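User: Hey, can you walk me through this one? I'd like to talk pockets and helix packing.

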Amino acid sequence: EAGVVAIFCDKLLNNEQPIIYGGDQTRDYVFVKDVVRAGILALEKNKIGIFNVGTSQETSVNKLFSLLEKASNKNIEPIFKPERSGEQERSCLDYSKIKKELGWEPEYDLEKGLSETIKWFRQE
């Protein structure tokens, strides 16, 4: 969400403290390989339409950071600041339509996806 995964990965791998604004707001994080697979399925089945590509699971920013800390084997205390005014509190997608019409559902759970993401950032 707005690059938060990339920002957290960069900060953790460089032993820097990330800033977390609020932290209780939730998002539906989906792994990029799952998103690509959804696009390929739509092309292969020549399906045009609007589909939610997500996991139908909400994860707070605080939980996301905790999972990335674990995946990176780091223990860094973030800097907490007040939530930004006007920020969306919750976001979660229902992927039932794409599952029904294309047979798609996420293959990566959040921890597996974050582990793969940390590996990629380490190689770059």
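Predicted model: local features only at pLDDT ≥ 70, side-chain atom pairs only at ≥ 80, totals over all residues.

User: Got it. So what's the volume of the second largest pocket?

Analyst: About 260 Å³. Its lining has 14 residues, and Val5, Val30, Phe31, Val32 and Thr117 are the closest to the centre.

User: How does that lining divide into nonpolar, polar and charged?

Analyst: Ten nonpolar, two polar and two charged.

User: And which helix gives the largest share of the lining?

Analyst: Helix 5, residues 110-123, with seven residues.

User: OK, packing now. At what angle do helix 1 and helix 5 cross?

Analyst: Roughly 55°, and their axes come within 10 Å. That angle makes helix 1 oblique to helix 5. The crossing is right-handed.

User: Which residues meet there?

Analyst: From helix 1 you have Val5, Ala6, Cys9 and Leu13, and they meet Leu114, Thr117, Ile118, Phe121 and Arg122 of helix 5. By type, that contact has seven nonpolar residues, one polar and one charged.

User: What about helix 1 and helix 3, what's the angle there?

Analyst: About 40°, with the axes 10 Å apart. So helix 1 is oblique to helix 3, and it passes helix 3 in a right-handed crossing.

Conventions:
Residues numbered from 1 in each chain as written. Heavy atoms only, no water. 1 Å grid on protein atoms, 1.4 Å probe; cavity = no way out; pocket = protein on both sides within 12 Å on 5 of 7 lines; lining within 4 Å. Points joined across faces, edges and corners; volume = space filled by probe spheres on them. Helix = DSSP H or I, 4+ residues; strand = E, 2+ residues; numbered from the N terminus. Nonpolar A, V, L, I, M, F, W, Y, C, P; charged D, E, K, R; others polar. Axes fitted to C-alpha atoms, helices over the stretch in contact; angles between N-to-C directions. Parallel < 35°, antiparallel > 145°, perpendicular 65-115°, else oblique. Left-handed = near helix turned anticlockwise from the far one by under 90°. Contact = heavy atoms within 4.5 Å.
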